[in-house]
Amino acid sequence: MKITAIEAHVCNARMRNWIFVKVVTDQPGLWGWGEATLEWHTKGVVGAIEDISQLLVGEDPRRIEHLWQMMYRQHFWHGNGIVRGTAISGIDIALWDILGKIHNVPCHELWGGRVRDYVRLYCHLGGGKMEDFYETAPDNAKRFAELAQQAVEEGFTAFKSMAVPETMSLEGLKPIKSAESCVRAMREAVGDDIDIMVDCHARPTPRMGLMFAKALEPYGLYFFEEPCWPETMDDIALIQRSVTTPIASGERLVGVHAFREMLEKRAVSVLQPDITHCGGLSEARRIGALAEAYKVSMAPHNPQGPVSTAASLELGFATPSYIICESVHNDVEWRQDVVSEGFEVKKEGRIVLPNKRPGLGIEINEEEIKKHPFQQEVLQRTFYKDGSVGDW
């Protein structure tokens, strides 16, 4: 059995171009789907997939670890940069999909079987609609409360918000009070039985991140995400030691070695590897094992397309440290038109029952993808009030 082709299929979904990776074999009807979506770097990732494919075409797709080592270590540069790491991830996910199909079992059965009966989903406010999640003004507490109630009405028991405003390296009380007002409004709107997460998007400096964390501590967040950039991992650790709120980070990290450092520093309570960036399912499983060793929870970053979600769910069913799956369901109206999924989502509680189809349990409709060809992603730029460049 040999790999005959590795294809990148690009599907524009407004804010992101989903990059679906199809690994084709010489066995009729046998292929696998992966995802390698990386916002604003679509052309770079597609090129990286083409570069890497020359290593794999003609190889046996069942030798997943061998192929992963080739993708990561060959051609001199290790695959720990975001573009190449994303390309590797998409191919790796597709290889696991193929292996599940060969053995006629879901991927989680390949990894020792189910460790849980269901996986809980959490949503973005607005279901991931760009205008609601990313563009609701942080001084509009009423709108945050409305969107929180909407999430609960849709059956979710947990949701993520971006209630922390963009700030310069140091600011006064105004942004702190705005964030506190929004989180207080959401908590009052949904009560204590609903889990609320707040994502800082790594916008604050370490000192501002600590100030936000302290201000929001009374509201019992499920986790407080990316209070500052992971380049300052010692500062993330300081923030975690300073508050009882679980701190989450890891979506910008590629490779198990970066996560090892995060764990060694006791920087977080929740690891957030992105399966489409960190090195695919192969590397995510190693990261999950490290999380288990350190007794740290794992909640993968997953705001991308439907293949990423299917892969995250398969990982969740076989990984003890996994606690919850990020999900987007309303970023584009036609999301479900491009995919057939093998798992079942219960609306009450938004819990997912195990996939029973082989591999990832999904199939991509290539004709639907063609209806949404590549377009440049919606440009996002951030400048502070004095005109200096900020982190989006």
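Which residues lie nearest the centre of the largest pocket?

## The largest pocket

In this predicted model, the residues nearest the centre of the largest pocket are Glu39, Trp40, Trp229, Glu251 and Arg252, which belong to a lining of 29 residues. The space in this pocket comes to about 740 Å³.

By residue class, the lining of the largest pocket is made up of 12 nonpolar, six polar and 11 charged residues. Both domain 1 (3–106) and domain 2 (110–371) supply at least three residues each to this lining.

## The second largest pocket

The second largest pocket holds about 230 Å³ of space, and among the 15 residues that line it, Val328, His329, Gln336, Glu341 and Val345 are the closest to its centre. Helix H12 (residues 306–318) provides the largest share of this lining, with three residues, while the lining as a whole divides into eight nonpolar, four polar and three charged residues.

## Tyrosine 72

Tyrosine 72 belongs to helix H2 (residues 64–73), and with a relative accessible area of 9% it counts as buried, because the cut-off for that class is under 20%. Apart from neighbours within four places in sequence, tyrosine 72 is in contact with Trp77, His78, Gly79, Asn80, Arg84, Ile88 and His257. Between tyrosine 72 and glycine 316 the C-alpha to C-alpha distance is 24 Å, with a sequence separation of 244 residues.

## The annotated C-terminal domain

An unreviewed UniProt entry lists residues 141–246 as "domain: Mandelate racemase/muconate lactonizing enzyme C-terminal".

Terms used:
Residues are numbered from 1 along each chain as its sequence is written. This is a predicted model: local features need pLDDT of at least 70, side-chain atom pairs count only at pLDDT 80 or more; totals for chains, interfaces and linings use all residues. Side-chain values use heavy atoms; hydrogens and water are left out. Helices (H or I, at least four residues) and strands (E, at least two) are DSSP runs, numbered from the N terminus. Buried means under 20% relative accessible area, exposed over 50%, partly exposed in between (1.4 Å probe, protein chains only). Contact means heavy atoms within 4.5 Å. UniProt positions are given in the numbering used here, feature names are shortened, and annotations may be inferred rather than shown by experiment. On a 1 Å grid over the protein atoms alone, a cavity is a set of points where a 1.4 Å probe fits but cannot get out, and a pocket is an open set with protein on both sides within 12 Å along at least five of seven lines; lining residues have an atom within 4 Å of a point. Grid points are joined across faces, edges and corners, and a volume is the space filled by probe spheres set on the points. Ala, Val, Leu, Ile, Met, Phe, Trp, Tyr, Cys and Pro count as nonpolar, Asp, Glu, Lys and Arg as charged, and the others, Gly among them, as polar. Domain bounds come from an automatic or database domain assignment.
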